[in-house]
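I am opening a notebook on this structure. The entries below set down what I looked up, in the order I looked.

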Amino acid sequence: DRGADLIAFHSMNYAYLGIVGIAINKAKTSANFPFPTRLVEQLGYGKDGKPPGLPGIVQVDGVIAFAGGLPIKVGDHHVGGIGVSGASADQDETCAQAGLNAVAADLK
């Protein structure tokens with residue numbers, strides 16, 4: 001939710017235990033900041049050889065700085081975040097976007 005409190009969680013059978021915390025922290029990161037965790041990565045580590053704009057952001061406890069977390073918005077209002085973990089960061093982000101797409105009509 002908007003307070004970065006967990007509302008729902010699902011884990012596939014036989015998923016690695018470590019991905020649970022990663023997925024939750026991806027969701028919390030995108031609930032706390034209104035942008036994807038991919039952008040947090042770019043802010044913290046730089047992009048295309050450019051220096052990072054906020055290198056300290058990756059040191060904040062619980063902040064995830066790689067793809068897989070997306071903000072949830074209702075219109076222009078930021079209301080929470082979704083996080084996916086267990087595959088590559090790009091695949092996690094694709095799955096998170098698929099989840100948002102699946103409920104898009106409910107977010108209007």
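**Entry 1: Asp 92**

I started with Asp 92, which lies in helix H3, residues 89-102. Helices here are DSSP runs of H or I with at least four residues, strands are runs of E with at least two, and both are numbered from the N terminus. I note for the record that this is a predicted model, in which local features need pLDDT of at least 70, side-chain atom pairs count only at pLDDT 80 or more, and totals for chains, interfaces and linings use all residues. Residues are numbered from 1 along each chain as its sequence is written, and side-chain values use heavy atoms, with hydrogens and water left out.

Is Asp 92 buried or exposed? Asp 92 counts as buried because its relative accessibility is 3%. The scale is this: buried means under 20% relative accessible area, exposed means over 50%, and partly exposed is in between, with a 1.4 Å probe and protein chains only.

I then listed what Asp 92 is in contact with (heavy atoms within 4.5 Å). Leaving aside neighbours within four places in sequence, I found Lys 26, Ala 67, Gly 68, Val 84, Ser 85, Gly 86 and Ala 87. A polar atom of the Asp 92 side chain lies 3.5 Å from the backbone nitrogen of Gly 86.

How many salt bridges does a search of the whole structure find? It finds three. A salt bridge is a side-chain nitrogen of Lys or Arg within 4 Å of a carboxyl oxygen of Asp or Glu.

I looked at Lys 26 and Asp 92, whose side chains meet in a salt bridge at 2.9 Å, N to O. The pair links distant parts of the chain, with Lys 26 in helix H1 and Asp 92 in helix H3, 66 residues apart. Both Lys 26 and Asp 92 are buried.

**Entry 2: helix H1**

I checked the length of helix H1, residues 18-32. The expected span of a helix is 1.5 Å times one less than its number of residues. The 15 residues of H1 should therefore span 21 Å, and the end C-alpha atoms are 22 Å apart, which agrees.

Which residues of H1 are buried? They are Ile 19, Ala 23, Ile 24, Lys 26, Ala 27, Thr 29, Ser 30 and Ala 31. An α-helix has 3.6 residues a turn, so residues three or four places apart point the same way. The cover over the buried residues of H1 includes helix H2 (37-45), strand S1 (69-74), strand S2 (77-83) and H3.

**Entry 3: Arg 38 and its partners**

Next I took the salt bridge between the side chains of Asp 90 and Arg 38, at 2.6 Å, N to O. Asp 90 lies in helix H3 and Arg 38 in helix H2, so the pair ties together parts 52 residues apart in sequence. Asp 90 counts as partly exposed because its relative accessibility is 45%. Arg 38 is also partly exposed, with a relative accessible area of 25%.

Arg 38 forms a salt bridge with Glu 93 too, the closest N and O atoms being 3.0 Å apart. This pair links distant parts of the chain, with Arg 38 in helix H2 and Glu 93 in helix H3, 55 residues apart. Salt bridges that share partners join Arg 38, Asp 90 and Glu 93 into one network.

I stayed with Glu 93, which counts as buried because its relative accessibility is 17%. The C-alpha atoms of Glu 93 and Gly 69, 24 residues apart along the chain, are separated by 6.4 Å.

**Entry 4: Gly 44**

I also looked up Gly 44, which is found in helix H2. Gly 44 counts as buried because its relative accessibility is 5%. Setting aside residues up to four places away in sequence, Gly 44 touches Pro 52, Leu 54, Pro 55, Ile 57 and Val 58. The C-alpha atoms of Gly 44 and Gly 75, 31 residues apart along the chain, are separated by 28 Å.

How values were computed: A polar contact is a pair of N or O atoms within 3.5 Å; within protein, one must be able to donate a hydrogen and the other to accept it, and residues adjacent in sequence count only if both atoms are side-chain atoms.
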